[in-house]
Amino acid sequence: MSVFQFDLKRGSGKMSTVPDGKKLVRSPSGLRMVPENGAFNSPFSLDEPQWVPDKECPSCMQCDKKYDFLTRKHHCRRCGRCFCDKCCSKKVALPRMCFVDPVRQCGECSLVSQKEMEFYDKQLKVLMGGGSFIVTLGTSKTSETMMCRLSNNHRYLFFDGESHFEVELSRISSMQVLTEESTPEENDIHTYTSLLDSQYISEGGNSRASGMLLHCKPTGSQDPQQLRMEAADDKKTASSWLAAMHKAAKLLYEARDR
């Protein structure tokens, strides 16, 4: 019998068990492979932007060059702004918008998309591979060693041990990544916004992530409940998982704020 009482998703009939069908759609920006049901979009995904109307951009929005018969205008598939060929020449993969092939992007957006590819190529695999953590739910004094991993559709964190439960990423209201040196107070909550400037974990730093505090809002409730995770035996794998989750939090915040 489970010792945990945490009002999140449990048992049969979970949305996470529903097959995620895909369909190929054509948009003005290109071919996209999207979920058949829009409710199953990845929380990391971004909507296609509205293109700036042609009549509102007589010149390049980067170099200000006037359009004519030889200077054609192109729309960046990520930001929707209008540029000349020189300022919008790169075709870069854009998985956050589910494009099948690389798409045309302006210089600024192409750099962002290229950086995000590391997350899709590396960090997502780490998150779905999972890590072992000592998990404490709410104010319980009892903990359990559990394997935590990201679901294949990127929508849930699965916790598996003697018990099983799921946390929907969209229900996470705040998170705090802890290092071996940090000793946060019980009421110390760092939102996605503060996490972007967090001192608790940094790329290339000497501090190793050792745990995480999540605050989740169960369905039908506005009161967050706390979930504490601390690295179990394989601390190296757990630290890599937490670092990947830190990167994921940045994308989640951006997707929510957009």
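Analyst: In this predicted model, seven strands form an open sheet in the order 10-9-8-7-13-12-11, and their pairing is antiparallel. Strands here are DSSP runs of E of at least two residues, and helices are runs of H or I of at least four, both numbered from the N terminus; two strands pair if DSSP finds at least two bridges between them. Strand 10 (164–168) and strand 11 (172–179) are the edges of the sheet, each pairing on one side only. From one strand to the next, the twist averages 30 degrees, with axes fitted to C-alpha atoms and angles from 0 to 180 degrees between N-to-C directions.

Within the sheet, strand 8 (residues 143–150) is joined to strand 9 (residues 156–160) by four bridges in the antiparallel sense. Leu150 has Leu157 of strand 9 as its bridge partner.

Antiparallel pairing also links strand 1 (residues 22–27) with strand 2 (residues 30–35), here over six bridges. A hairpin of two residues leads from strand 1 to strand 2, and Lys23 stands opposite Val34 of strand 2.

The loop between strand 2 and strand 3 (73–75) carries Phe44, whose partner Phe119 lies in helix 1 (residues 107–129), 75 residues away, so that the pair links distant parts of the chain. The ring centres of Phe44 and Phe119 are 5.2 Å apart and the planes stand at 70 degrees, so the pair is edge-to-face. The structure holds five aromatic pairs (Phe, Tyr or six-membered Trp rings with centres within 6.5 Å; planes under 30 degrees apart are stacked, over 60 edge-to-face, the rest tilted).

The largest pocket has a volume of about 390 Å³ (the space filled by probe spheres set on grid points joined across faces, edges and corners). A pocket is an open set of points on a 1 Å grid over the protein atoms alone, where a 1.4 Å probe fits, with protein on both sides within 12 Å along at least five of seven lines; lining residues have an atom within 4 Å of a point. Of its 17 lining residues, Lys22, Ser42, Pro95, Cys98 and His154 are the closest to its centre.

Residues are numbered from 1 along each chain as its sequence is written. Local features need pLDDT of at least 70 and side-chain atom pairs 80 or more, while totals for chains, interfaces and linings use all residues, and side-chain values use heavy atoms, leaving out hydrogens and water.
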